[in-house]
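Trainee: I would like a close look at one part of this model. Please take me through it step by step.

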Amino acid sequence: MKIELLYFDGCPSWESGLKNLQTALQEEGLSTAVEMVKVESDEDAARLKFLGSPHFRVDGMDLWHEERDVYSLSCRVYPTPNGIKGYPTVQMLKEKLHAVVG
Amino acid sequence: MSTPRFVMWMTWALVLGMIWTVVSRVQPESAQASPGSVAKEGFTAPDFKLGLLDGGTVTLSELKGKVVLVNFWTSWCPPCRKEMPAIESVYRSYKDLGLVVIGLNLTAQDSKQAAASFVQEIGVTFPIALDLDNSVGNLYRVTALPTSFFIDRKGVIRSVIVGGPMSEALVQSKVEELLREGE
């Protein structure tokens, strides 16, 4: 299983996103390493179909998929039980991982 | 008055006081989707009322007849910061022709102080609305910052730009197109 975290240095929330992803993986008993993919330009964003930092992918599938006309450097936000946040909660990530991994 | 009766009266007074506190609390802002309003292109923009950084409030539905750009942002979001001067420039050029810009700060993810400091640094003159509880961000289903909604004079969302930074030329072309429709 390939787990990627696409991020843009400017949005500080990717660090919390990574922490929560690692916790979710640990709690799910998954030892897969997270591959960090740095997105540095709008060209990178378009090529990678980057949805904003932090962006989570498992085996090439977006955990929170969205169709966009234009892909650019942006900060992703997630609707969490505590309102909009710059990163998903551990529980949200676990549910998505469950859905993907089974 | 006997002690049990006194306790009963005091309990009732306390309960009524609590009810009054809840019922009479001030609603500083509101956001609601009326029938037919969805935060998508081609739909009526969901209405909201928010407090402004400089005081006062803004209500989207009261801006019908104007072209409105609602720009969701936070001070920690680099592309948001980068596109703000372009938005300000377009605002200054077109405000007298009927353009209203609302800089909608997701304050629950930011801070009022940081927002105010950034606005001052850039010299933003358009109103900055404070979404203190994410209600408008949720209503508009914002998934990335910045996100901009271009709303026509009838209150219909005509264009949504997710991500940024938008160039001044892009903002200008979108605004001009909508302003021309009212001529």
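Which residue in β4(A) does V58(A) stand opposite?

Mentor: V58(A) stands opposite M61(A). Keep in mind that this is a predicted model.

β3(A) covers residues 55-58. Its partner here is β4(A), residues 61-62. The two run antiparallel, joined over two bridges.

Now widen the view to the sheet. Four strands of chain A make up an open sheet, ordered β2-β1-β3-β4. The pairing within this sheet is mixed. β4(A) is at one edge, and β2(A), residues 34-38, is at the other. Each of these edge strands has a single partner strand, so one side of each lacks a neighbour in the sheet. Strands of a sheet pair through backbone hydrogen bonds, either parallel or antiparallel.

Next comes the helix. α1(A), residues 14-27, packs on the sheet. The helix touches β1(A), β2(A) and β3(A). Its direction makes about 170° with that of β1(A), residues 3-7.

Strand pairing also occurs between the chains. β5(A) pairs with β7(B), residues 144-145. The sense is antiparallel, again over two bridges. There, C75(A) stands opposite L145(B).

Finally, the contact as a whole. Chain A gives 19 residues and chain B gives 19 residues. On the chain A side, β5(A) (75-76) and β7(A) (83-85) each supply at least two residues. The largest share, three residues, comes from β7(A). By type, the chain A side splits into nine nonpolar, six polar and four charged residues.

Key: Residues are numbered from 1 along each chain as its sequence is written. Chains are lettered from A and ligands numbered from 1 in the order in which they are written. This is a predicted model: local features need pLDDT of at least 70, side-chain atom pairs count only at pLDDT 80 or more; totals for chains, interfaces and linings use all residues. Two residues are in contact if their C-beta atoms, placed from the backbone, lie within 7 Å. Ala, Val, Leu, Ile, Met, Phe, Trp, Tyr, Cys and Pro count as nonpolar, Asp, Glu, Lys and Arg as charged, and the others, Gly among them, as polar. Two strands pair if DSSP finds at least two bridges between them. Axes are lines fitted to C-alpha atoms, for helices over the stretch in contact, and angles run from 0 to 180 degrees between N-to-C directions.
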